[in-house]
Amino acid sequence: KTFSREDVAALKSRLQKLKSQSESAPSPTPAPVSTLAELKARLDSARELSAKVQQRKAERVAEEEKSKEEQTEPQPRAEEGEKLPAYQRYHTLAQDVPPGLTLPYKYKILAEMFRSMDTIVGMLFNRSETVTFAKVKQGVQDMMHKRFEETHVGQIKAVYPSAYTFRQEKNIPNFSATAKKSAYQLTVEPVIEEETNGARPVLSATRLLERRRVFHQNLVEVVKRHHKGFLATLNPPVAVPDDELTRWHPRFSVDEVPSIQPCDLPRPPQTEKLTTAQEVLDKARSLMTPKMEKALANMALKTAEAACAKEPEPPAKPDVTPVQTPSALKGVSQSLLERIRAKEAQKLQAAMTRNPEQEERLAMMSRLPELARILRNVFVAEKKPALIMEVACNRMIASYRSSLSTGEMEKHLRLLVQLAPEWLMMHPIRKDFYLKLNKNTNMNLVLEKLSQKIKEEERL
């Protein structure tokens, strides 16, 4: 298409108009500097706020985790405290027996179970019957009115391994409709020395008592091992020979001794029965090929060589935590604390190795200072130079704060004569014994001498 002159002139005029409009349009003014700085400040404050929000979120998450841990931590302690009722945890403290090597409640129950089990086994063994666990279990439960399981038999085996021989046998007549005759049963046979005349051994009453004594002694040895570990944790540690130990440490909680871990009993052999063709094929597929066996053998050999090539690592040293001094003892010299602790440990060691006769003598000596004062008052009230033993005992029994029999009071007076002969003397005249008091002796010196004798007796 060709343009005429008029068209070209019209186009030129339009272009000129456009140029004039573009020149006349106002140019955009740049933004002031103050608004840019304000925008940057707002951006920085927004970033700081976002950082604070993130930090607070992280702190909240950490606090929630800590609270969850604190809630979950004390639960096992509560469960441990509620494992046993109070009459079992404080069984030893409630016993009305003289202090000695007492056993925990659960150990006494186990000893009673052994006695019942030995009685049932002895009856069946003496009748030449095959002793099975089912028979023993029923008999023990009838005697004790407590549950008797295989775990208790495992504990008895752990304490007294040479008491019985356990086997898994089958084809034993059981006269039960539920159990099959071909099934395996746990049999129990007592281990008894053979008779010299070649007769069949019998579990007699003498042997039952001897086995019961051995079982009780083994239980005491188990508690002694735990007691020895407890003494090693004291500060300072206390070492007492087992043959000289006559009572437990006062801070050793006997009833919190852990239970005996049961030994493994014989199990019936696992016989796999293949009843269908599919089971036979599955069994065949599970078998390894010779190539697989060779590859596994090579791998095991390489692993063993690599393990031998490694040097053995040194054993990790146990962390020894220093003994923390209580806040009440701050400022006291460490040497003085160590001397006091050593003296206390020595006293406790002497108390644990003291025999009952020494304990009784020490208890009598602790009463003598008060009895000496009462005896002096009796002589002053009677206004006599000598008194018959029976009269003196009756007067002192009426004045003493606790009840003692005439024989016990006479023992105390004889011991007082033995320890303070220069103050109190005893003269046998015909069939009676007379007590004579030396009124010229200072009473304070007599009491000091008695206290010195008590301290010497405590050190033994």
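This is a predicted model: local features need pLDDT of at least 70, side-chain atom pairs count only at pLDDT 80 or more; totals for chains, interfaces and linings use all residues.
User: Which residue in β5 does Leu-424 stand opposite?
Analyst: Leu-424 stands opposite Leu-437. Residues are numbered from 1 along each chain as its sequence is written, and side-chain values use heavy atoms, with hydrogens and water left out.

User: OK. In what sense do β4 and β5 pair, and over how many bridges?
Analyst: Antiparallel, over six bridges, with β4 at residues 424-429 and β5 at 432-437. Pairing here takes at least two DSSP bridges between the strands.

User: Which residue in that hairpin takes a positive phi?
Analyst: Arg-430, near 55°; the hairpin has two residues between the strands.

User: Now pockets. What volume does the second largest pocket have?
Analyst: About 280 Å³, the volume being the space filled by probe spheres set on grid points that are joined across faces, edges and corners. A pocket is an open set of points on a 1 Å grid over the protein atoms alone, where a 1.4 Å probe fits, with protein on both sides within 12 Å along at least five of seven lines; lining residues have an atom within 4 Å of a point.

User: Which lining residues are closest to its centre?
Analyst: Lys-106, Tyr-107, Ile-109, Gln-155 and Ser-259, out of 17 lining residues.

User: Which helix gives the most to that lining?
Analyst: α5, with six residues. α5 (105-126) and α7 (150-159) each supply at least two.

User: What's buried in α7?
Analyst: His-152, Val-153, Gly-154, Gln-155, Ile-156 and Val-159. The buried residues of α7 pack against α5, α6 (133-144), β1 (164-169) and α8 (205-232). Contact means heavy atoms within 4.5 Å.

User: Last one: is Thr-187 buried or exposed?
Analyst: Thr-187 is buried, with a relative accessible area of 4%. Thr-187 lies in β2 (residues 185-190). Leaving out residues up to four places away in sequence, Thr-187 touches several others, including Thr-130, Val-131, Phe-166 and Ile-172.

Key. Helices (H or I, at least four residues) and strands (E, at least two) are DSSP runs, numbered from the N terminus. Buried means under 20% relative accessible area, exposed over 50%, partly exposed in between (1.4 Å probe, protein chains only).
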